[in-house]
Amino acid sequence: MDIKLLRSFAVVARLEHIGQAAERLNISSSPLSRQIQLLEDELGVVLFHREKKRLHLTTEGEKFLDEVGPFLQHYDRLKEHGKHLGRANSGRIDIGYVEAAIHSRLLPDTLAALDLSPDIDIRLHAMRSKQQLEQLQDRVIDIAFLHTPPAADAPFCQKKIFSEPVMLAMPKAKALPDPTPAGLHNHPWIAEQESLNPAARSRLLEACQKRGFTPRISLEVCGPLAALSCVEAGLGFTFIQQSLASIASDNVTVVTLPWLPLDVTLHMVWRKEETKPLVQRFLAAFR
């Protein structure tokens, strides 16, 4: 169905006059009358009662107008949105992230450097690394900030952003003056749920076991910020990355462990064939 016929119908229905509608549409009356007739023929219904130069919607015409009006509005919005897709100062960008991208201020600071305009729509999605890669592949998100990078032969560009050491967070009231592997055996530990990041859990336990102790995990939480809050409440010890130390409260003691050379990395990943101007602008702001 031709969108022009629908627009003509909507104008005629609103003005109820062929001559006035033709003037509004910048065409002559005869072609406009033929357009309305074509639409009625295509639909197989009479849309207007004709009384000399005046037109009045039939019952079927009123019902059809109820559908045409919202459709034309959506069509216009969609068309306008399509125009914005090719502009770097408007449109939408979807970014996946792990918590480290936020509490390190890397992602917020990059967004601030974009000098956002009201026409830019930013959507942030907290997701695990594996899920981000899946949604990047499916074009659900445009950029991913994650811990575990994709394989070298994946259809992505990637950049290692930083690597920061893992530190020990202890309740201040129970803090050890000189934490050693032997001294950490009998303390309860807080850890991120294994199902959320089994690779990270395995890597952490393996590193600890090589130093002679295995954390007795008594509480599992949904993320590092939750773990830090539980340490503050005195529920146990946990490992955090260095950027989290700055937001730990006075009730938490954070120390480095020279004997545990473990770090956390953050990578930025995007599609190799990415051409969206707003994504390119984000990458430029990041650099």
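Leaving aside neighbours within four places in sequence, I143 is in contact (heavy atoms within 4.5 Å) with I93, D94, I95, G96, L136, M268, V269, W270, V279, F282 and L283. This is a predicted model, in which local features need pLDDT of at least 70 and side-chain atom pairs count only at pLDDT 80 or more, while totals for chains, interfaces and linings use all residues. Residues are numbered from 1 along each chain as its sequence is written, and side-chain values use heavy atoms, with hydrogens and water left out.

I143 belongs to the largest nonpolar core, of 23 residues, where I95, L107, I143, F145, L266, M268 and F282 touch the most other members. Such a core is a set of buried Ala, Val, Leu, Ile, Met, Phe, Trp, Tyr and Cys residues joined through side-chain atoms within 4.5 Å; buried means under 20% relative accessible area (1.4 Å probe, protein chains only). Helices (H or I, at least four residues) and strands (E, at least two) are DSSP runs, numbered from the N terminus.

The most comes from α10, with 5 residues. Apart from this core lies another, of 22 residues, including I3, A10, F48 and L57.

The axes of α6 and α10 (lines fitted to C-alpha atoms over the stretch in contact) are 9 Å apart, at an angle of about 110°. α6 is therefore roughly perpendicular to α10, a term for angles of 65 to 115 degrees. On the α6 side the contact is made by L106, L107, T110, L111 and A113, and on the α10 side by F282, A285 and F286.

Conventions. Buried < 20%, exposed > 50% of the residue type's maximum accessible area, 1.4 Å probe, protein only. Axes fitted to C-alpha atoms, helices over the stretch in contact; angles between N-to-C directions. Parallel < 35°, antiparallel > 145°, perpendicular 65-115°, else oblique.
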